[in-house]
Amino acid sequence: MEQRTVGRSGLRVSRLGLATHTWGRETDADDAAAQLLAFAEAGGTLVDASPAYGDGAAQRILGDLVREIGREELVLSVHSGRTPMRSDPAAGPAPAPLRWAVDASRRTMMRQLDESLTMLGTDHLDLWNVAAWDPHTPLEEIAGTLEYAVRTGRVRYAGASGYDGWQLATLAAAAPMTAAYTPYSLLARGPEHEFVPAAQHHGIGVIATAPLFGGILTGKYRDGVPADSRGADEATAAEITAGLDDRAVRVVDAVVTAADGLGTSPLAVAMAWVRDQPGIASLLVGARDIGQLTGVLNAETLELPRAIAAALGDVSARTE
């Protein structure tokens, strides 16, 4: 798998990153191990984690796997700055996923960094990201926390996720920023207007999340909602349904047509389009099982012809 430089830094990552947000909830430890091994064997290096994924289970699973297979070739990227909220006693005895609140204070960020290092069995993170914009913590405090973590060797590079373009530019003016995460796809092109230009101006590499727009760009919702899909899950059904508007139908039809013409999958076309946009260092994809990840890895090799990429860009551009 091709390795790319992240922004104007020396950090190099695989152009496809492995997300672990399903681990410990939809993906058990055995399947997670199969995913990480397959990803590494394909040349993948960027692995994304957070204390919030699976309410902490994903990071524990990743730590066990890192100790087992080693981390020499892995680029570990962790997001800190969200804390679990107190559960509501009125909700009843049934366990429910935790709700997470933004807290990018130095106290919380450094505590979570130390916990992640311990859990992952390593003395440093390759990339440490503030997980969300925190209007209650002074920007100087957040910037100082990132700078201190890099200076003390516990972190090699700093990044951010969940930021708007102006927020990213503001933080980048106060701290050494290397990477920034944002949702970006043929159906979510907002980052092109402010976020990506801000990142490029400050030498920050963009890591695109949700490149398949919740699976809609794979074409699997064209004829209804499959029983085993996110659209059939009560927790995510509304989100998927909201994304199935007239524009989405046009874009998905164009992606499917391109895939048919190239003899590949809509998934491959949608991923390749995002991956090769200006400023993109990597795109992040998660999978519920090894079968899904195998399909992603097989699709990763597609090189999209420029004419087709341009046509998809035209079809997906918003006119309003």
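Colleague: At roughly what angle do the axes of helix α8 and α9 cross?
Modeller: This is a predicted model. In it, α8 covers residues 246-262, and its axis comes within 8 Å of that of α9. Angles of 65 to 115 degrees count as roughly perpendicular, so α8 is roughly perpendicular to α9. The crossing angle is roughly 105 degrees.

Colleague: Which residues of α9 make the contact, and how many charged residues does the contact have?
Modeller: From α8 come V255, V256, A258, A259 and L262. They meet P266, V269 and A270 of α9. By class, that gives eight nonpolar residues and no polar ones. The number of charged residues is likewise none.

Colleague: Which helices do the buried residues of α11 pack against?
Modeller: Helix α11 spans residues 306-316, with A309, L312, G313 and S316 buried. Their arc around the axis is only 105 degrees, so they sit on the same side of α11. A307 and D314, on the other side, are exposed. The buried residues pack against α8 and α9.

Colleague: Why do the buried residues of α10 line one face of the helix?
Modeller: In α10, residues 290-299, the buried set is L293, V296, L297 and A299. They line one face because, seen down the axis, they fall within an arc of 165 degrees.

Colleague: What do those buried residues of α10 pack against?
Modeller: Two of the partners are helices: α1 (29-41) and α9 (266-275). The others are strands: β3 (16-19) and β12 (280-285). The list is therefore α1, α9, β3 and β12.

Colleague: Which residue caps the N-terminal end of α10?
Modeller: Look at the backbone nitrogen of G291. A side-chain oxygen lies 3.1 Å from that nitrogen. The capping residue is D289.

Technical notes:
Residues numbered from 1 in each chain as written. Predicted model: local features only at pLDDT ≥ 70, side-chain atom pairs only at ≥ 80, totals over all residues. Heavy atoms only, no water. Buried < 20%, exposed > 50% of the residue type's maximum accessible area, 1.4 Å probe, protein only. Helix = DSSP H or I, 4+ residues; strand = E, 2+ residues; numbered from the N terminus. Arc of directions from axis to C-beta. Contact = heavy atoms within 4.5 Å. Polar contact = N/O pair within 3.5 Å; in protein donor to acceptor, adjacent residues only side chain to side chain. Axes fitted to C-alpha atoms, helices over the stretch in contact; angles between N-to-C directions. Parallel < 35°, antiparallel > 145°, perpendicular 65-115°, else oblique. Nonpolar A, V, L, I, M, F, W, Y, C, P; charged D, E, K, R; others polar.
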